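Here is a short briefing for a first look at a structure. Please keep the sequence and the 3D view open as you read.

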Amino acid sequence: MPLLLLDLDNTLLDRAGPFRAWGERFLDSIGAPHTDIDWLLSIDADGLTDRWDVADAIRDRYALRIPSIDLVEELHDGVAANTRLDPLVACALRIADDAGWVPVVVTNGSVRQQDAKIRGTGLDRYVADWVISEEAGVSKPNPRIFALAAQRARMPLRGAWVVGDSPEADIGGAAAVGLPSVWLHRGRTWPDNRFAPTRTVDSLIAAVATVLAA
């Protein structure tokens, strides 16, 4: 029963769509031009920018009097509220489980937001456990977070696969711990010559099929 170590945002759950949906509604609520969504998406950098920095950038651009902490909470809650679990992803996880794999989520981020998305979408019913960097005290690509995931599942890392969309955090992390990996390219070309994914696919469903076939 090998481990299937899975990224959360833009791997198991779409993040780009929910963030855009929240951003468009937020900009409309403050009377900002609709075209400013491109600026907001660039500031967010696909979720890589710290939430406090995003909040401060929004406050400065629009001279808002909203406290930063309230805007950070709005960011967290707004994205989580728009996040849904794709039934095909749920089906793929069930198939992996039936085939003897143990799905465990390994994600960077805050406990409040990531836990809310995992539980709120019902994803928790399809995975054995999850590890969130804020709670773990270590982030991907550090190999320790993958070791902690294995410890949580009471499983060895040997034989595990890592699946994710981030070249550095997911695929770099897999390379650092010596595990095979599947990269979700999301229309991108591979950007790093220090390491490479074992396989490259366009969706979580294809990633699970690739692992099962291997």
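Predicted model: local features only at pLDDT ≥ 70, side-chain atom pairs only at ≥ 80, totals over all residues.

Residues are numbered from 1 along each chain as its sequence is written, and side-chain values use heavy atoms, with hydrogens and water left out.

**Nonpolar cores**
- A nonpolar core is a set of buried Ala, Val, Leu, Ile, Met, Phe, Trp, Tyr and Cys residues joined through side-chain atoms within 4.5 Å.
- Buried means under 20% relative accessible area, exposed over 50%, and partly exposed in between (1.4 Å probe, protein chains only).
- The largest nonpolar core has 27 residues. Those with the most contacts inside it include Leu4, Val105 and Leu123.
- Helix α5 (87-98) gives the most to this core, with 5 residues.
- Helices and strands are DSSP runs (helices H or I, at least four residues; strands E, at least two), numbered from the N terminus.
- Leaving aside neighbours within four places in sequence, Leu123 is in contact (heavy atoms within 4.5 Å) with Leu8, Leu12, Leu13, Leu85, Leu93, Val105 and Ile118.

**Helix α6**
- Helix α6 spans residues 111-120. Its buried residues are Gln113, Gln114, Asp115, Lys117 and Ile118.
- These buried residues pack against α4 (68-81), β2 (102-107) and β3 (129-132).
- Gly122 follows α6 and has a positive phi, near 85 degrees.

**Salt bridges**
- A salt bridge is a side-chain nitrogen of Lys or Arg within 4 Å of a carboxyl oxygen of Asp or Glu. The whole structure has 14 of them.
- Asp44 pairs with Arg15 in a salt bridge, with the closest N and O atoms 2.8 Å apart. This pair links distant parts of the chain, 29 residues apart.
- Asp44 is buried at 2% relative accessibility. Arg15 is also buried, at 7%.
- Arg112 and Asp77 meet in a salt bridge at 2.8 Å, N to O. The pair links helix α6 with helix α4.
- Arg112 is partly exposed at 41%, and Asp77 is partly exposed at 39%.
- Asp7, Lys140 and Asp170 are linked in a salt-bridge network.
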